[in-house]
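Could you walk me through this structure, from its overall make-up down to a few residues worth a second look?

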Amino acid sequence: MQRSRLILQNAASKAAAAKAAGESAAAVNHLLGFHNKLSFDEKTTAQILSSRNSPPLYKPLYHHLDPMLLKPREPGSFSYLLHHLQSSLSGFYSICTSQQSRDEFLHLTARNDDDRNDNHGDGEDNTGIINTFVLNQSDMGFMKVMTLYQDLSSPLLEETNFDTETEVRQFLTGCSFALEQFHTIQADYLKNLEAALDTLDNSENEAEEEPNIEEDTEEEKEKQFQYKFFDIAESDPESTESALTSMLSPEGLDRIFFDSAMYSFVKNMSGQMVEGADSTTENHTSLAELPSDPKVMHACLLSARVEEIEASGRNDGRHNAEDKDPDAPLEDESLQPFADRKAQTVLQLEVLYDLEFLTNTDDSKNNNNKSFKSVNVAKFETCINNNPNGDELQWRLCSWRPAKEFGHL
């Protein structure tokens, strides 16, 4: 009898625990769904852009639709270390065996007196394409210098008639201004997002108080955030959405959408946590202290990467029938027309830059704006051969991150 009672007690406790766990999981799921009021599609930006019926704002490249075609080399990874080891050894060998290679190396590392900025003309300033003074301080040391030289000497650049010295110098001349504009527009975009979320909260409160108020159609409600973003970019060329679309690659836009989702979640979570508290409690989840007046003080070329990328079955949509129907006949890719599958040559340049910015505070009387500096790395890319967006050279920002190579995490 005692044993039966113990068994029943254990079963009851387990059932109660399972019920409590289920209720907790349901509460968490409800909480996440409630707080992230912006609806996001699980598709990537490249997939959304390629599926739009209207004239495309940007035609994604092969590696945008299939990121495995161009895997990133993250600092500290094995592929990063292996690439530097192989390229630096190849660069050393080339310099030791060829006078032409030695002349090219000296030319790329030489200072250009015509482009020297008198404001930054200290002894550490080096306006060469390869800034040896800065690169020697990286995690790879002089290997970073030799790797950059070897990558800028890629045969693919010669095959596409790419004028490395002229184009890269022009790129370095304009990238500082481009980065300042990006950080300014990014701050404006997030401030507009904050205002839109506040308007959404107010409209929901008004709808609860006035049941007869007109609401958006179901189609507009179910439209995900990314589609609304591109609709605004297409209809309003002066909007921040249009500016971001014109300066960012699909990879960069994915980062913008991720930041938007996280900020939406944090803002609404913070607003719910203070709800029901003291009436004097305020929600301080605001972008009032967002960096403003960004200035790029120094910029130098950190790395270069040029790859020839072939189309794959994953990004040209030829195997959709096979994926949906296992009994569908197989197709031989070699028999497909080559005109639609031309290889694209993609060039990616990473830039190390010092960003100085201010943070605005509410204490405007005491002028308490603080100045901060950060060292970041920005990656730009362009397609120099078989570009579906035209033959004109178009640099787009792919990513931005702290300079891990120099210990900035």
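## The chain as a whole

Please keep in mind that this is a predicted model. The chain has 409 residues, and 38% of them are buried. Its secondary structure comes to 15 helices and four strands. Among contacts with a separation of 6 or more, 72% link residues 24 or more positions apart.

Strand 2 covers residues 344-359 and is mostly covered, with 13 of its 16 residues buried.

Strand 3 also pairs with strand 4, again in the antiparallel sense, over six bridges. Here Lys 379 stands opposite Ser 399 in strand 4. Strand 4 runs from residue 396 to 402 and is largely enclosed by the rest of the structure, because five of its seven residues are buried. As a reminder for reading any such strand on screen, side chains in a regular strand alternate between the two faces of the sheet.

## The nonpolar core

The largest nonpolar core holds 69 residues, and those touching the most other members are Ile 130, Leu 152, Leu 244, Leu 248, Leu 301, Leu 352 and Leu 397. Helix 9 (residues 164-209) supplies the largest share of this core, with 11 residues.

Helix 12 spans residues 240-247, and six of its eight residues are buried. What does Leu 248 touch, leaving aside its neighbours within four places in sequence? Its contacts are Phe 182, Leu 253, Ile 256, Arg 396, Leu 397 and Trp 400.

How many cavities of 30 Å³ or more does a search of the whole structure find? The search finds one. The largest cavity has a volume of about 50 Å³.

The lining is made up of Tyr 58, Leu 61, Glu 381, Thr 382, Cys 383, Asn 387, Gln 394 and Arg 396. Strand 3 gives the most to this lining, with three residues. By class, the lining has three nonpolar, three polar and two charged residues.

Phe 162 counts as buried, because its 12% relative accessibility is under 20%.

Beyond its neighbours within four places in sequence, Phe 162 is in contact with Leu 157, Glu 167, Val 168, Leu 347, Ile 384 and Leu 393. Phe 162 and Ile 384 are 222 residues apart along the chain, yet their C-alpha atoms are separated by 7.5 Å.

## Two asparagines with positive phi

Most residues other than glycine have a negative phi. Asn 161 has a positive value instead, near 60°. Asn 386 also has a positive phi, of about 60°. Asn 386 is found in the loop between strand 3 and strand 4, and at 32% relative accessibility it counts as partly exposed.

Technical notes:
Residues are numbered from 1 along each chain as its sequence is written. This is a predicted model: local features need pLDDT of at least 70, side-chain atom pairs count only at pLDDT 80 or more; totals for chains, interfaces and linings use all residues. Side-chain values use heavy atoms; hydrogens and water are left out. Buried means under 20% relative accessible area, exposed over 50%, partly exposed in between (1.4 Å probe, protein chains only). Helices (H or I, at least four residues) and strands (E, at least two) are DSSP runs, numbered from the N terminus. On a 1 Å grid over the protein atoms alone, a cavity is a set of points where a 1.4 Å probe fits but cannot get out, and a pocket is an open set with protein on both sides within 12 Å along at least five of seven lines; lining residues have an atom within 4 Å of a point. Grid points are joined across faces, edges and corners, and a volume is the space filled by probe spheres set on the points. Ala, Val, Leu, Ile, Met, Phe, Trp, Tyr, Cys and Pro count as nonpolar, Asp, Glu, Lys and Arg as charged, and the others, Gly among them, as polar. A nonpolar core is a set of buried Ala, Val, Leu, Ile, Met, Phe, Trp, Tyr and Cys residues joined through side-chain atoms within 4.5 Å. Contact means heavy atoms within 4.5 Å. Two strands pair if DSSP finds at least two bridges between them.
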